[in-house]
Amino acid sequence: MHPRRAVVALAVPAAVAVLLAGCSGSPSDPLGNLSGCIADESGTIAIGVSNSSDEAIVIAGVELLESSGVEIIDRFIAIDEDARSTAVLFESSGRESVGGGDLGQTAIEPGEAAYVGVEVERTGSAEGRVDGLLLTVDGEEQGAPVTLDLRDSCD
């Protein structure tokens, strides 16, 4: 295992912390229910990650692992201490909701935390769904088991 990969973790309580690299946790439900619903045509899903290594890490990409009825309209990263204690954020607005910048241009320095996210929009009138994200961290792909539904109503 690449030494820096092992320290890029979802920002969740230590008792349930799971590495993005997939080194622990059950593949069927590694973090519990990390899902959200937004009643809108577009929405943002941002994952909290932490760097506890001695070197900066770069998240060069984020893609949809599986999806239906949505497409990515933006990808971003935002250095933010709150990301350390928030596993995932669901917002109706895009990168502005966390003050994000472009992926690949912002490194997560040792000891820092950041939100890495995507803004998606529905491709038609049907409901849209994001079922997992795939992050590229220092050249390695790592899955994140999160879901986001875009609907007319979330009731």
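Let me begin at one pair of residues: threonine 136 has glutamate 141 as its bridge partner in E11. These labels follow DSSP runs numbered from the N terminus, with helices (H or I) of at least four residues and strands (E) of at least two. The model is predicted, so local features need pLDDT of at least 70 and side-chain atom pairs count only at pLDDT 80 or more, while totals for chains, interfaces and linings use all residues. Residues are numbered from 1 along each chain as its sequence is written, and side-chain values use heavy atoms, with hydrogens and water left out.

I stay with these two strands for a moment. E10 and E11 pair in the antiparallel sense over 9 bridges, where pairing requires that DSSP find at least two bridges between two strands. The two strands form a hairpin with 2 residues between them, and aspartate 138, in the turn, has a positive phi of about 50°.

E10, which spans residues 128-137, also has other partners. It pairs with E4 in the antiparallel sense over 5 bridges, and leucine 64 has leucine 133 as its bridge partner in E10. Strand E5, residues 67-68, pairs with E10 in the antiparallel sense as well, over 2 bridges. There, serine 68 has arginine 129 as its bridge partner in E10.

Now the chain as a whole. It has 0 helices and 11 strands. Of its 155 residues, 43% are buried; buried means under 20% relative accessible area, exposed means over 50%, and partly exposed lies in between, with a 1.4 Å probe and protein chains only. The chain exposes about 7,200 Å², of which carbon and sulfur atoms supply 44%; these areas come from the Shrake-Rupley method with a 1.4 Å probe, and for residues only the protein chains shown count as cover. Among the contacts in the chain with a separation of 6 or more, 80% are between residues 24 or more positions apart, a contact being heavy atoms within 4.5 Å.

Which cysteines form a disulfide? Cysteine 37 and cysteine 154 do, with their sulfur atoms 2.0 Å apart, and the search of the whole structure finds 1 disulfide, defined as a pair of cysteine sulfur atoms within 2.5 Å. The link of cysteine 37 and cysteine 154 is left-handed, with -80° about the S-S bond. Cysteine 37 lies in strand E2 and cysteine 154 in the segment after strand E11, so the pair ties together parts that are 117 residues apart in sequence. Cysteine 37 is partly exposed at 28% relative accessibility, and cysteine 154 is also partly exposed, at 32%.

I turn to the charged side chains. The whole structure contains 9 salt bridges, each being a side-chain nitrogen of Lys or Arg within 4 Å of a carboxyl oxygen of Asp or Glu. One of them joins arginine 122 and glutamate 41, at 3.8 Å from N to O. Arginine 122 is in strand E9, glutamate 41 is in the loop between strand E2 and strand E3, and the two are 81 residues apart.

A second salt bridge connects glutamate 63 and arginine 75, with the closest N and O atoms 3.0 Å apart. Glutamate 63 belongs to strand E4 and arginine 75 to strand E6, 12 residues apart. Both are partly exposed: glutamate 63 at 39% and arginine 75 at 31%.

Arginine 75 brings us to arginine 95. A polar atom of the arginine 95 side chain lies 3.2 Å from the backbone oxygen of arginine 75. Where is arginine 95 found? It is in the loop between strand E7 and strand E8, and it counts as buried at 16% relative accessibility. Leaving aside neighbours within four places in sequence, arginine 95 is in contact with residues including Asp74, Arg75 and Phe76. Aspartate 102 is another contact of arginine 95, and these two side chains meet in a salt bridge of 3.0 Å, N to O. Aspartate 102 is partly exposed, with a relative accessible area of 37%. Elsewhere, salt bridges that share partners join Glu127, Arg129, Asp149 and Arg151 into one network.

Methods: Polar contact = N/O pair within 3.5 Å; in protein donor to acceptor, adjacent residues only side chain to side chain.
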